[in-house]
Amino acid sequence: AIIATGERGAFALCRPPGHHAAHDMFGGYCFLNNAAIAAQWLLDTGFHKVSILDVDFHHGNGTQDIFYERDDVLFCSIHGDPKEAFPHFLGYSDERGQGVGEGFNHNYPMPRGTTFAEYKISLQHSLNHISDFQGNALVVSVGVDTFENDPISFFRLQRQDYAILGEMISSLHLPTLFVLEGGYDLKEMGENIVSVLRGFERSI
């Protein structure tokens, strides 16, 4: 509601996460798909097209499932290669959407040990897709289990990288809702989320 009334950014502190919840399935601790609910609410309240960027370590299979056959929501996800990471059965680069939704789904599976230097190439590709889509708002599934010390993941992002990630997202100049997803290094999680938000705020 905040970004619908003109605010440039907002953050939804959600637990449990939601991006593995699909049309007819829950999993990965997820029961309600918070990002998908937010995107649909924005469409229902006057936004014509909405983009979802999923930067959680795990593929947002539920979000993809919900919007896979639609062209009013663009979905981009950067995540651990599903050959090695949950959810395993979705998240491959050849999944591009179906029917009218073909071309509105973009997956960037990344290998074990991915650093931010490699990650931000896929991030920039995703931001280019979002820019070309010309949507009215952006929902970010923001998970910080991409952190180098996360106990269940295998990327190597560091604290300072999250501020840059926020800055890059801000460069789209879209009303943006950040929705919390994963992050399992509980000692560092809060600081990493704050780094994303501060990076975004600095570039407004």
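Predicted model: local features only at pLDDT ≥ 70, side-chain atom pairs only at ≥ 80, totals over all residues.
**View 1. Gln 134 sits in the loop between α3 and β5.** Gln 134 is not a glycine, yet its phi is positive, at about 60°. Is the residue buried or exposed? Gln 134 has a relative accessible area of 62%; the cut-off for exposed is over 50%, so Gln 134 counts as exposed.

View 2. With 58% relative accessible area, His 173 is exposed.

View 3. Look for Pro 87 in the loop between β3 and β4.

**View 4. An open, parallel sheet of six strands.** Reading across, the order is β1-β6-β5-β2-β3-β4. Which strands are at the edges? Those are β1 and β4, each of which pairs on one side only. On average, neighbouring strands are turned by 15° against each other, direction ignored. Zooming in on one pair, β2 (residues 50-54) and β5 run parallel and share five bridges. Leu 53 is found opposite Val 140 of β5.

**View 5. Leu 53 and the largest nonpolar core, a set of 35 residues.** Leu 53 is one of the members that touch the most others, a group that also includes Tyr 119, Leu 123, Leu 127, Ile 130, Leu 138 and Ile 169. Several elements give two or more residues to this core: β3 (73-80), β4 (105-110), α3 (116-133), β5 (137-142), α4 (159-170), β6 (176-180) and α5 (186-202). The largest share, six residues, comes from α3. Another core lies apart from this one, with 20 residues, including Ala 38, Leu 43, Phe 75 and Val 139. Leaving out residues up to four places away in sequence, Leu 53 has contacts with Leu 123, Ser 126, Leu 127 and Ile 130, among others. Its partners also include Leu 138, Val 139, Val 140 and Ser 141, along with Cys 76 and Ile 169.

**View 6. Helix α5 has a buried side and an exposed one.** How far apart are the end C-alpha atoms of α5? They are 25 Å apart, which agrees with the 24 Å that its 17 residues should span at 1.5 Å a residue. Glu 188, Met 189, Asn 192, Ile 193, Ser 195, Val 196, Gly 199 and Phe 200 are buried. These residues cover an arc of only 150° around the axis, so they are on the same side of α5. Lys 187, Arg 198, Glu 201 and Arg 202, on the other side, are exposed. The buried residues pack against β1 (9-12), β5, α4 and β6. As a whole, α5 lies across β1, β5 and β6, running at about 175° to β6.

**View 7. Ser 170, a buried residue of α4.** The relative accessibility of Ser 170 is 0%, so it counts as buried. Beyond residues up to four places away in sequence, Ser 170 touches Arg 8, Phe 200, Ser 203 and Ile 204. Of these, Phe 200 is among the buried residues of α5.

Terms used:
Residues numbered from 1 in each chain as written. Heavy atoms only, no water. Core = buried A, V, L, I, M, F, W, Y, C linked by side-chain atoms within 4.5 Å. Buried < 20%, exposed > 50% of the residue type's maximum accessible area, 1.4 Å probe, protein only. Helix = DSSP H or I, 4+ residues; strand = E, 2+ residues; numbered from the N terminus. Contact = heavy atoms within 4.5 Å. Expected span 1.5 Å × (residues − 1). Arc of directions from axis to C-beta. Pairing = 2+ DSSP bridges. Axes fitted to C-alpha atoms, helices over the stretch in contact; angles between N-to-C directions.
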